[in-house]
Amino acid sequence: MKPFIAANWKLHKLPSEMDAWVKALHTALAGVDLERLELALCAPYTHLPALHEALRGGGVKLGAQDVSAHDQGAYTGEVSAAMLKDVGVHYVIVGHSERREYHREDDALVHAKVEAVLGSGLVPILCVGEKLGEREAGQAEAVTLQQLEAALAGLTIKTADGLVVAYEPVWAIGTGKTATDSDAQAMCGSVRGKLRELMPDLADDVRVLYGGSMKGDNAGGLLAQPDVNGGLVGSASLDAASLAEIAAAC
Ligand code: PEP
């Protein structure tokens, strides 16, 4: 399985900066064998058309950070999966902890969004993971697997590359605190175990990412774990050289 690195830019950068940024990325990636990994940039909605143009032919895929659960209708401010597909999006982050926390997205909404993404033929990057208090209470695995099961219940995933799961412990996101290699492996291994129950034929080939303060200097150890098939990278993905350093660690 090729390692998969997905950048999550969150609320950063401007659409007019896309050309220059993609050029900087290609320069930074000059020594990296892009055949060895898959790379995607998940950008704000406004950036997607310009980024799609800038990435054309370069082998880096386009991703969005959220999506509406609705296909169309009177839902002011929403963006549908079909709209994302139309501007060249391949991946959609769903259920990021910042959406769950600041926008009160619950399991039912995350499930509906995963369904909408699959329905348009796009690939969800489904985020699951525990908060610090839940880890301290010994609930990390139970919480994470419950989120995973709730998001996927009753849905049909047709191929292993039609789903990506990102295990993101909330206490590690944007904090500079990273899970140890063995904790990341244990949790990603548990995610894989649950996937084997839910989709036995595909589970071993579904990419399970680790996310939470992944940087160039810790990526190698995390990515060497058997059930860590890549990373969802926030802060370190804003800088082309830092993102390339993580790509080089694959
Ligand atoms: C994220 O936003 O999913 C993330 C992992 O952020 P960071 O790398 O900054 O912790």
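Tutor: Contact, as the word is used here, means heavy atoms within 4.5 Å. The model is predicted, so that local features need pLDDT of at least 70 and side-chain atom pairs count only at pLDDT 80 or more, while totals for chains, interfaces and linings use all residues. Residues are numbered from 1 along each chain as its sequence is written, and side-chain values use heavy atoms, with hydrogens and water left out.

Student: Which residues of H7 does H5 meet?

Tutor: Helices are DSSP runs (H or I, at least four residues) numbered from the N terminus. From H5, the residues Asp 107, Val 110, His 111 and Val 114 take part, and they meet Gln 146, Gln 147, Ala 150, Ala 151 and Leu 152.

Student: At what angle do H7 and H8 pack?

Tutor: Axes are lines fitted to C-alpha atoms over the stretch in contact, and angles run from 0 to 180 degrees between N-to-C directions. The axes of H7 and H8 (residues 181–198) lie 10 Å apart, and the two helices pack at about 35°.

Student: How far is an oxygen atom of the ligand from the side chain of Lys 10?

Tutor: A polar contact is a pair of N or O atoms within 3.5 Å. Asn 8 has a polar side-chain atom 3.2 Å from a ligand oxygen, and a polar backbone atom of Gly 234 is 2.8 Å from one. For an N or O atom in the side chain of Lys 10, the distance to a ligand oxygen is 2.7 Å.

Methods:
A polar contact is a pair of N or O atoms within 3.5 Å; within protein, one must be able to donate a hydrogen and the other to accept it, and residues adjacent in sequence count only if both atoms are side-chain atoms.
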